[in-house]
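Have the structure open while you read.

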Amino acid sequence: MFGACRQASRLLSKSQDMPLTFGERLKLRYHLALCDKCREFSRQLDQLRHFARQGEKQAQSDS
């Protein structure tokens, strides 16, 4: 994994927990525009987040 990809993956993970700064968002968007693998990683993180939220909703309705 290249340094820029490592930084992008850290920013993608961080963005799941807290808002990114304007500069971080800019760097990430630029990198994602150029990197297929990081775009795929971003898509996978979005799916995981979606499924986790669905699981939370299901657990609350079962209680």
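## Where α2 meets α3

Helix α2 (residues 22–34) and helix α3 (residues 36–62) have axes that come within 6 Å and cross at roughly 115 degrees. Axes here are lines fitted to C-alpha atoms, for helices over the stretch in contact, and angles run from 0 to 180 degrees between N-to-C directions. Angles of 65 to 115 degrees count as roughly perpendicular, under 35 as roughly parallel, over 145 as roughly antiparallel, and the rest as oblique. So α2 and α3 are roughly perpendicular to each other. Their crossing is left-handed (the near helix is turned anticlockwise from the far one by less than a right angle; clockwise would be right-handed).

On the α2 side, the contact (heavy atoms within 4.5 Å) uses His31, Leu32, Ala33 and Leu34, and α3 brings Asp36, Cys38, Arg39 and Ser42. Sorted by class, that contact has 4 nonpolar, 2 polar and 2 charged residues. Ala, Val, Leu, Ile, Met, Phe, Trp, Tyr, Cys and Pro count as nonpolar, Asp, Glu, Lys and Arg as charged, and the others, Gly among them, as polar.

## Ground rules for the model

This is a predicted model, in which local features need pLDDT of at least 70 and side-chain atom pairs count only at pLDDT 80 or more, while totals for chains, interfaces and linings use all residues. Residues are numbered from 1 along each chain as its sequence is written, and side-chain values use heavy atoms, with hydrogens and water left out. Helices (H or I, at least four residues) and strands (E, at least two) are DSSP runs, numbered from the N terminus.

## Where α1 meets α2

The axes of α1 and α2 come within 10 Å, crossing at roughly 125 degrees. That makes the pair oblique. The α1–α2 crossing is left-handed.

From α1, the residues involved are Ala4, Cys5, Gln7, Ala8, Leu11, Leu12 and Lys14, and they meet Glu24, Lys27, Leu28, His31 and Leu32 of α2. The class tally for this contact is 7 nonpolar, 2 polar and 3 charged residues.

Beyond four places in sequence, Leu45 touches Leu12, Ser13 and Gln16.

Leu20 lies in the loop between α1 (3–17) and α2. With a relative accessible area of 9%, Leu20 is buried (under 20%; over 50% is exposed and in between is partly exposed, with a 1.4 Å probe and protein chains only). Leaving out residues up to four places away, Leu20 touches Leu11, Lys14, Ser15, Arg25 and Leu28.

His31, in helix α2, is buried too, at 14% relative accessibility. Outside four places in sequence, His31 contacts Ala4, Cys5, Ala8 and Cys38.
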